[in-house]
Amino acid sequence: MRRGVRGTLLPTLTGRPAERLVDFAPAPDAGLPGAACAEVDPDLFFPADDEAGEFVERRARQICAGCAVREMCLALALKRSEQHGIFGGLDPAERRTLARRRYRESARAKKGAA
Ligand code: SF4
């Protein structure tokens, strides 16, 4: 197997045809195989900041709760630092909190291992 950047197994970007680089762009999460939101209006996941928006947001969270790819969706949203919308059942503030907590836990684990 060909080694990639800095000895990892990641593909080297320079060796790839330009059109293949598009593959790195994250697909909309509704495109994930098994996504529960595939047939749902995407606006549901970007609720307005009003009373109606709260209802819409609750509905989006219900859909995410029953989604088979929720963890993957959440991981992708965290990786992309999504600033808007409901992904993996969490809103942006909840995702930021989760990311901070995971970062702290990871730093603590590294410190403990050293
Ligand atoms: S977790 Fe929610 S936003 Fe993500 S793919 Fe599933 S239904 Fe869609």
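pLDDT is the predictor's confidence in each residue, on a scale from 0 to 100. The structure is a predicted model, and its protein chain has an average pLDDT of 78, with 74% of the residues scoring at least 70. Over residues 1–27 the pLDDT stays under 50. For that stretch the model has 13 contacts beyond four places in sequence.

**Ligand and core**

Around the ligand there are 16 residues, of which A35, C37, C64, C67 and C73 come nearest. Two elements, α1 (51–65) and α2 (70–80), each give two or more residues to this shell. The shell sorts by class as follows.

| Class | Residues in the shell around the ligand |
|---|---|
| Nonpolar | twelve residues |
| Polar | two residues |
| Charged | two residues |

The largest nonpolar core is made of twelve residues, among them A35, C37, C64, C67 and C73. F45, A60, L74, A77, I86, F87 and L90 also belong to this core. Again α1 and α2 are the elements that give two or more residues, and α2 supplies the largest share, three residues.

Which residues are in contact with I86, leaving aside its neighbours within four places in sequence? They are F45, E57, A60, R61, C64 and D91. Of these, F45, A60 and C64 are members of the core, as is I86.

**Helix α3**

Helix α3 covers residues 92–113, which is 22 residues. At 1.5 Å a residue the helix should span 32 Å, and its end C-alpha atoms are 31 Å apart, so the two values agree. The number of buried residues in α3 is one of 22, so this helix lies largely in the open.

Definitions and conventions
Residues numbered from 1 in each chain as written. Predicted model: local features only at pLDDT ≥ 70, side-chain atom pairs only at ≥ 80, totals over all residues. Near = placed C-beta within 6 Å. Helix = DSSP H or I, 4+ residues; strand = E, 2+ residues; numbered from the N terminus. Nonpolar A, V, L, I, M, F, W, Y, C, P; charged D, E, K, R; others polar. Core = buried A, V, L, I, M, F, W, Y, C linked by C-beta atoms within 7 Å. Buried ≥ 20, exposed ≤ 12 C-beta atoms within 10 Å, placed from the backbone. Contact = placed C-beta atoms within 7 Å. Expected span 1.5 Å × (residues − 1).
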